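Visitor: I am new here and would like to know how such descriptions are reached. Could you show me the structure and take my questions one at a time?

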Amino acid sequence: MAILEGKNIIKRFAGLIAVNNVDFHINPNEILGLIGPNGAGKTTLVNVIAGVYAPSQGQIQFKGQTISGEKPYRIGRLGISRTFQVVKPFPGMTVKENAAVGAMFGAGGKKTSAKEAIKKAEEVLAFVGLADQINKHADQLNVPSRKRLEMAKALAMEPDLVLFDEVMAGLNFSEIDQAVELIRKIRENGVTILIIEHVMRAIKNVCDRIFVLHHGEKIADGPVAEVLNDEDVIKAYLGRRYKELTH
Amino acid sequence: MGNKALNNFLICGLIILIVSFFPLVSNNFSIRFGTDILMFAVMASAWNIIGGYTGYASFGNVVFFGIGAYITAILMEKAGLHFGIAYLAAGGAAALFAVLIGLPVLRLRGHYFAIATLGVAEAMKALVQNLDITEGNAGIYLPMLDLPVRHQYYFFFYMMLATLVLTLLVTYLLLNAKLGYSFIAVREDEDAANSVGINTTLSKTFAFALSGFFTGLAGSIYAYQQAFIQPGPAFTVQTTVQMIVMAVFGGMGKLFGPLLGALCIEMISETLSNYFLVAHTLFFGTVVILAIVFTPKGMIDLITQHKFGIAYLLQNIREHRI
């Protein structure tokens, strides 16, 4: 059974339909890639799942429980955590405190005291490779580190499902490969992952399945190789030169 | 508890002890002046909970002060209750009012929140001016404290001191608890706070209620001390401005910032008004502007970071693009 399932999801902003009648599902412990051109509705879909927006129509079920229309903090506590495309650290807090806040209030928050949360934060930060920067203020970090902090905050919440919204944008090749490695390790810990990305190098390497949005509609959903060779996907997103370059 | 925390506790205990001896060796005027400083320290510290830590700049905190004062007056004068009961009820009523008003008003952010709270305080003043139970603009006389004059001064000083210690202690405990982290997370990025599982509405409302509670306690002591309360002085926006200026001057979002701010501002203001009877507000304004320009993080930052050089002041100007 799917861990997350959405049926007939529609999200309208006044006259604009950002997500149009989309069905999706994610299987337990899967890494699902969500791709599509700018403005396709990817981040809107993530925001609908995370509770920032209630869907205009349709229902989302997480582990068999309806979550559409719930507040973001409720969804976070149920076991879905997310990162933001434009990172949102707590700039005035230290890196350690940033991650600790995730541990205090996320899915594992109820049973975690403030002290235990700090300890948990140190573990998670070591896991994402920020062990040597835990006492810096979040606004002193460079871009790759900020992306890692964003992931650490989400992971400290002890989620069953994480939504990674462009955590690799702005990274160079070696940083991308490190991030891919990290995402694999996260999955090995039993976490299910939805990843929005434009970096095809990452999508190809890490995803089990790809889901493509275009103008708010689903145009493809299937195994990586199949979707990347799909004519519609190439036309709408990848471009013809992509095929020439990669073959 | 670590060594550093223990040291800090000992230092605080010593300071409280020294301050406790202050009335015993001072004249009545000085005790009264000290009580005023303590009162503003309570109110600025209470403002710090919502404005400094949670990031919601309330421009209407005087409403809690006024409610605390009026609840005390009504309970003591009309219901004949003991001050102790009135004191606690004053804090409770102010906190309850903060919850009721906070639920709609805390949905607003930034300037909108500031303006809405300002409006709430003005509306409450108008209400109190027109209600029978508050006796309108005529005001209410409270029963006098039945003690020799010298002991009255002691009583109010020590009540304010105890309230200040309580305010700071609760704030300190909160800062090390989950709730305190949630306040700061809301200030730093409310959307991110919500997404990591913080019930931001609950956190903000709690911060506002705490802020209201302590301000209400200060209002209660003030009313008993004055033995007479009127809507104008009880709800004047000037009091809110003083709380904010003191908190900012001393250091917003720092435990002892507002206390230091209250001390400095009251001293400066008192000294200036001694030397310049008419123009002291002009000089006072200049001092505040200079302080904000050169030390936007507050006096407490200057002291705790040991940065007394000119370089620190210039760095602040660069960072804040003046």
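Visitor: What makes the radius of gyration of chain A agree with that of a compact globule?

Guide: First, a word on the source: this is a predicted model, in which local features need pLDDT of at least 70, side-chain atom pairs count only at pLDDT 80 or more, and totals for chains, interfaces and linings use all residues. Residues are numbered from 1 along each chain as its sequence is written, while chains are lettered from A and ligands numbered from 1 in the order in which they are written. Now to your question: the radius is taken over C-alpha atoms, and the globule rule is 2.2 Å times the number of residues to the power 0.38. For 247 residues the rule gives a value near 18 Å, and chain A has 18 Å, so the two agree. The C-alpha atoms of chain A fill a box of roughly 50 × 40 × 35 Å along the principal axes.

Visitor: Why is E158(A) called partly exposed?

Guide: E158(A) has 19 C-beta neighbours inside 10 Å, so it falls in the in-between class. This residue lies in the loop between α5 (143-156) and β7 (161-165) of chain A.

Visitor: What is the phi of each of these two residues?

Guide: Phi of A14(A) is near 50°, and that of E158(A) is about 55°. Most residues other than glycine have a negative phi.

Visitor: Which residues touch the most other members of the largest nonpolar core?

Guide: Such a core is a set of buried Ala, Val, Leu, Ile, Met, Phe, Trp, Tyr and Cys residues joined through C-beta atoms within 7 Å. Among its 179 residues, the ones you ask about are A152(A), V42(B), M43(B) and M160(B). Helix α2 (residues 28-53) of chain B gives the most to this core, with 14 residues.

Definitions and conventions. Buried ≥ 20, exposed ≤ 12 C-beta atoms within 10 Å, placed from the backbone. Helix = DSSP H or I, 4+ residues; strand = E, 2+ residues; numbered from the N terminus.
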